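Reader: I'm new to this one. Could you walk me through how to read it?
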Amino acid sequence: MSTEPLPEHPDFLWRNPEPRSSYDVVIVGAGGHGLATAYYLAKNHGITNVAVLEKGWLAGGNMARNTTIIRSNYLWDESAAIYEHALKLWERLPEELDYDFLFSQRGVLNLAHTLQDVREGTRRANANRLNGVDAEWLEPDEVAKVCPILNVSPRTRYPVLGATFQPRAGIAKHDHVAWALARRADELGVDLIQGCEVTGFLKDGDRVVGVETNLGRINAGRVGLAAAGHSSVLAERAGVRLPVQSYPLQALVSELHEPVHPTVVMSNHVHVYVSQAHKGELVMGAGVDSYNGYGQRGSFHVIEHQMAAAVELFPIFARAHVLRTWGGVVDVTPDASPIISTTPVENLYVNCGWGTGGFKGTPAAGWTFAHTIATGEPHPLNAPFALERFTTGALIDEHGAAAVAH
Amino acid sequence: MLLISCPWCGPRDETEYHYGGQAHVRYPETPADLDDRQWAEYVFYRDNPKGPFAERWVHSTGCRRWFNVLRDTVTYEVLASYRLDEPRPELPQAGGNR
Ligand SMILES: Cc1cc2nc3c(=O)[nH]c(=O)nc-3n(C[C@H](O)[C@H](O)[C@H](O)COP(=O)(O)OP(=O)(O)OC[C@H]3O[C@@H](n4cnc5c(N)ncnc54)[C@H](O)[C@@H]3O)c2cc1C
Ligand SMILES: [Zn+2]
């Protein structure tokens, strides 16, 4: 457990310019993904005449609401490739951005509570290793060694029958990640414009040539959407239908505690995931609400369910108090994998569908989306994640490894 | 917690029900004529509106029957619930005649 002080929140990390009338590239959405895209457009492709437009405040969407779990132990080759690329980027980003956002590789346990979980877990750990992702299968006594406060007794309702373990997984300070990316993008010339909502698109036939905003029209050579839960609402205004559904996903934190929880624990079956933040809060998430929603709040019974599971798994938490709960709006695809793609509208690109798990993907989303926007062609890492897969049927079914019930 | 009215059992808590996604998605009338794009639309593409949404629910722990609900996805207000053989109700227009 880290005892380092938190990084200071510097006063001026970026300029707040007025929007210009025209940019080479406009990115919609200043969450982690939009910011990472702008950063890599500038850094990897030398494209700096870029604006990132944000309807609220910078990184105030899901970027500010997520439980910050970073891992790459997904099942399929396509996912392993993109999430592992992200993890490798995470490992060097603090130095590259010269910002200590407390990326802590404390490992993640994905628990198995049923025979089917055990089979899925061992299969996934094997698949991970074939793909060069660090992963092992642990028996209950080994699980208890990694996380001594976890109840691995066989006499619980859903006993822990084992777990996958990825040692390189971890957590990071999400706000600081956003600020680090924003500062660098800004230094490289990118305009970050807050309070600027995109309300429509300027089109010339089948080609997008700009956006309409509450601050007026902005012309753009290319437009990239990185609007997470609002992707489909936005894309529809450009005449593009996306195969995503938006759901409320909520999380909560306890008051501060002594360092007791050394790793990250996730359970698909009983629907809870827990880590302990650097300051000491227990950070917990649950499953999505079962129905579509844009309310940025989740159902109370989902929290009840999650807390019951947490207390059974961690009896030591029984008297911890909930300090705060909140929700985000996540866009989920039919195969629980993201979409990073060209669209039927020329010069309009979309990054969406990361659902409940896009924080970990932030650097790879930015890297590949920037490549797609800069070249008009997918990067090999995001080619399988195109919109076409829903027509060809080449789905990348990650419902098992996505680990949040949806 | 949502309070949803089953057309047969009346108002019950959300936890008695299960969600079934968008309502009124019809099986294609001439399936053999559909191309891959049209199949994709039928299988994978659903509306995702910010506002009133017609959706299916099943009363799992009650009468176990399916029915439709008109619900606002922003306010979560349940605007109407109706049987599968009934048409989607007209919403009262703001400012119009009620
Ligand atoms: C409770 C919760 C827990 C989560 N836990 C994890 C986790 O542990 N690990 C993990 O990997 N992922 C997690 N996620 C998922 C992750 O947060 C998202 O997948 C990821 O943040 C999405 O990318 P983003 O950061 O760009 O989205 P956001 O930060 O949501 O960015 C989208 C931005 O677009 C803006 N926008 C939308 N419409 C417009 C418009 N018309 N004009 C201008 N701007 C617009 C929004 O205001 C928003 O700031 C969690 C999500 C939630 C809600
Ligand atoms: Zn009923």
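Author: A nonpolar core is a set of buried Ala, Val, Leu, Ile, Met, Phe, Trp, Tyr and Cys residues joined through side-chain atoms within 4.5 Å. Buried means under 20% relative accessible area, exposed over 50%, and partly exposed in between, with a 1.4 Å probe and protein chains only. Before the case itself, some ground rules: this is a predicted model, where local features need pLDDT of at least 70 and side-chain atom pairs count only at pLDDT 80 or more, while totals for chains, interfaces and linings use all residues. Residues are numbered from 1 along each chain as its sequence is written, chains are lettered from A and ligands numbered from 1 in the order in which they are written, and side-chain values use heavy atoms, with hydrogens and water left out.

Reader: Okay, which residues touch the most other members of the largest nonpolar core?

Author: The general idea is that in soluble globular proteins, nonpolar side chains tend to be buried together. Here the largest core has 54 residues, and Leu58(A) and Phe101(A) touch the most other members. In chain A, the elements giving two or more residues to this core are β1 (22-28), α1 (32-45), β2 (50-53), α2 (77-96), α5 (174-187) and α8 (362-375). Those names refer to DSSP runs numbered from the N terminus: helices are H or I with at least four residues, strands are E with at least two. There's a second, separate core too, with 32 residues, including Val244(A) and Cys352(A).

Reader: What is Phe101(A) in contact with?

Author: Contact means heavy atoms within 4.5 Å. Leaving aside neighbours within four places in sequence, Phe101(A) is in contact with Trp90(A), Leu93(A), Pro94(A), Ala172(A), Lys173(A), His176(A), Val177(A) and Ala180(A).

Reader: Now the sheets. In what order do the 8 strands of the open sheet in chain A come?

Author: Two strands pair if DSSP finds at least two bridges between them. In chain A the order is β5-β6-β4-β13-β14-β15-β12-β16, with mixed pairing. β5 (136-138) and β16 (322-332) of chain A stand at the edges with a single partner strand each, so one side of each has no neighbour in the sheet. From one strand to the next, the twist averages 20°. For angles like that, axes are lines fitted to C-alpha atoms, for helices over the stretch in contact, and angles run from 0 to 180 degrees between N-to-C directions.

Reader: Can you zoom in on some of its strands?

Author: Take β14 (residues 272-276) and β15 (residues 281-288) of chain A, which pair in the antiparallel sense over 4 bridges. Gln276(A) has Leu282(A) in β15(A) as its bridge partner. Then there's β12 (residues 245-256) of chain A, where Leu256(A) is found. Leaving aside neighbours within four places in sequence, Leu256(A) is in contact with Lys279(A), Gly280(A) and Glu281(A).

Reader: Which strands does helix α3 of chain A lie across?

Author: Helix α3 (residues 115-130) lies across β4 (108-112), β5 and β6 (162-166) of chain A, running at about 150° to β5(A).

Reader: On to chain B. How many helices and strands are there?

Author: Chain B comes to 1 helix and 6 strands, in the order β-β-β-α-β-β-β from the N terminus on. Of the 98 residues in chain B, buried ones make up 34%.

Reader: And what does the open sheet of chain B look like?

Author: It has 4 strands in the order β3-β4-β5-β6 (chain B), with antiparallel pairing. The edge strands, β3 (18-22) and β6 (78-82) of chain B, each pair on one side only. The twist averages 30° from one strand to the next. β4 (residues 52-58) and β5 (residues 66-72) of chain B pair over 7 bridges, and one bridge partner in β5(B) is Arg71(B), facing Phe53(B). β5(B) and β6(B) form a hairpin with 5 residues between them, and Tyr76(B) in the turn has a positive phi of about 65°.

Reader: Is Asn68(B) buried or exposed?

Author: Asn68(B), in strand β5 of chain B, counts as buried, because its relative accessibility is 3%.

Reader: Last one: how do I read the interface between the chains?

Author: The size of an interface is often given as the accessible area lost when the parts come together. Buried area is that loss for two parts, with a 1.4 Å probe, summed over both. Chain A and chain B bury about 2200 Å² between them, 51% of it on carbon and sulfur atoms. Arg241(A), Tyr291(A) and Tyr294(A) supply 32% of the area that chain A buries against chain B, more than any other three residues. In contact terms, 26 residues of chain A meet 23 residues of chain B.
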